[in-house]
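This briefing describes the surroundings of a ligand and a pair of strands. Please look at the structure first.

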Amino acid sequence: MSYDPNNVFARILRGEIPCRKVHETKHSLAFHDINPLAPTHVLVIPKGTYVHLDDFTAKASEEELADFIRAVGDTARLLGVQADGYRILANNGANAHQEVPHLHVHIFGGRPLGSMLKREPAR
Ligand code: AMP
């Protein structure tokens, strides 16, 4: 999967389409998911052009890496989900069914979220 500069999150970062912003830092942006799967469902993205976590951790600077992980935690606190707990999830590549080719971490919260994955036989 290569970086598509016209992916929807790149367009949000360029201000071409709107988002419901929660938090912004020098290197990261957090906004509400357009199709929420939980009472709280927010996406945190780096501003750099990274496809997924593999790309990001291979190429990003220490400053970008630190900014991004701190932005995830700070966003959860801004949303108030840290008290009852929340889940973070990042789909990376085909097996994970990543839909948008710009790294994003989902933050889910606001209700009990069930087990981590649907149980299926390991292959
Ligand atoms: P993933 O399957 O991990 O790539 O998830 C992509 C996520 O992006 C989905 O949860 C979508 O609902 C969300 N999404 C797609 N377009 C937008 C948008 N314009 N604003 C906010 N979230 C979006």
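Which residue in β2 is the bridge partner of His23? The partner is Ala30. This is a predicted model, in which local features need pLDDT of at least 70 and side-chain atom pairs count only at pLDDT 80 or more, while totals for chains, interfaces and linings use all residues. Residues are numbered from 1 along each chain as its sequence is written, and side-chain values use heavy atoms, with hydrogens and water left out.

**Strands**
- Strand β1 (residues 21-24) pairs with β2 in the antiparallel sense, over 3 bridges.
- Two strands pair if DSSP finds at least two bridges between them.
- With 3 residues between them, β1 and β2 form a hairpin.

**Shell around the ligand**
- There are 16 residues around the ligand, and Asp33, Asn91, Glu99, His104 and His106 come nearest; a residue is near a molecule if one of its heavy atoms lies within 4 Å of it.
- α1 (8-13) and β2 (28-32) each supply at least two residues of this shell, and the largest share, 3 residues, comes from α1.
- Helices (H or I, at least four residues) and strands (E, at least two) are DSSP runs, numbered from the N terminus.

- A polar contact here is a pair of N or O atoms within 3.5 Å.
- Asp33 has a polar side-chain atom 2.5 Å from an oxygen atom of the ligand.
- In Asn91, a side-chain N or O atom is 2.8 Å from an oxygen atom of the ligand.
- Ile34 places a backbone N or O atom 3.1 Å from a nitrogen atom of the ligand.

Key. A polar contact is a pair of N or O atoms within 3.5 Å; within protein, one must be able to donate a hydrogen and the other to accept it, and residues adjacent in sequence count only if both atoms are side-chain atoms.
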